[in-house]
Amino acid sequence: MTAMAHRKHRPLERFPDGALHAEAAVPLHRLKPGTSGIIARIEKEEPELLKYLATLGLLPQTKVEVEEVAPFGGPVLVRVGSSRYALGRKVAAKILVKER
């Protein structure tokens, strides 16, 4: 297989100049505390997970700030607007954000 075959598929985004570019998004749990980003997408769109995240206001194009990342695979404390939530590491890993 070629090197391209081993690369993870990344959605493409069309920019104003008409060019397509790979969307640069990272899993939420990888952001450092005090860092914010805009939710780009949710990986593995499981209906129950999407409903849960929607009730928290964690939707694409929403600003989210990481306040704390617990050690040893613990939860990620995030702020969305004036609300704070503790997300499990597996859930946070499915939320892809563009750093701001």
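Q61 sits in the loop between helix 2 and strand 5, where helices (H or I, at least four residues) and strands (E, at least two) are DSSP runs, numbered from the N terminus. The model here is a predicted one, so local features need pLDDT of at least 70 and side-chain atom pairs count only at pLDDT 80 or more, while totals for chains, interfaces and linings use all residues. Residues are numbered from 1 along each chain as its sequence is written, and side-chain values use heavy atoms, with hydrogens and water left out.

Back to Q61: its phi is near 75°, a positive value in a residue other than glycine. Q61 counts as exposed because its relative accessibility is 62%; the labels run as buried for under 20% relative accessible area, exposed for over 50%, and partly exposed in between (1.4 Å probe, protein chains only).

Strands of a sheet pair through backbone hydrogen bonds, either parallel or antiparallel. In this model, six strands make up an open sheet in the order 3-8-4-5-6-7, and the pairing is antiparallel. At the edges are strand 3 (26–27) and strand 7 (83–87), each of which pairs on one side only. Two strands are taken to pair if DSSP finds at least two bridges between them. Strand 4 (residues 36–42) and strand 5 (residues 63–69) have three bridges in their antiparallel pairing. Across that pairing, I38 stands opposite K63 in strand 5.

Strand 5 also takes part in a side-chain contact. R79 and E67 form a salt bridge, with their closest N and O atoms 2.6 Å apart; the term covers a side-chain nitrogen of Lys or Arg within 4 Å of a carboxyl oxygen of Asp or Glu. Since R79 lies in strand 6 (residues 76–80) and E67 in strand 5, the pair ties together parts that are twelve residues apart in sequence. R79 is partly exposed, at a relative accessible area of 27%, and E67 is partly exposed too, at 23% relative accessibility.

Searching the whole structure turns up four salt bridges. One of them brings together the side chains of K94 and E46, at 2.9 Å from N to O. This pair links distant parts of the chain, 48 residues apart: K94 is in the loop between helix 3 (89–93) and strand 8 (95–99), and E46 is in the loop between strand 4 and helix 2 (47–55). K94 has 22% relative accessibility, so it counts as partly exposed. E46, at 35%, gets the partly exposed label as well.

What about a salt bridge within a helix? The side chains of E48 and K51 meet in a salt bridge at 3.7 Å, N to O. Both residues, E48 and K51, lie in helix 2, three residues apart, or about one turn of the helix. E48 is exposed, with a relative accessible area of 57%, and K51 counts as exposed at 52% relative accessibility.
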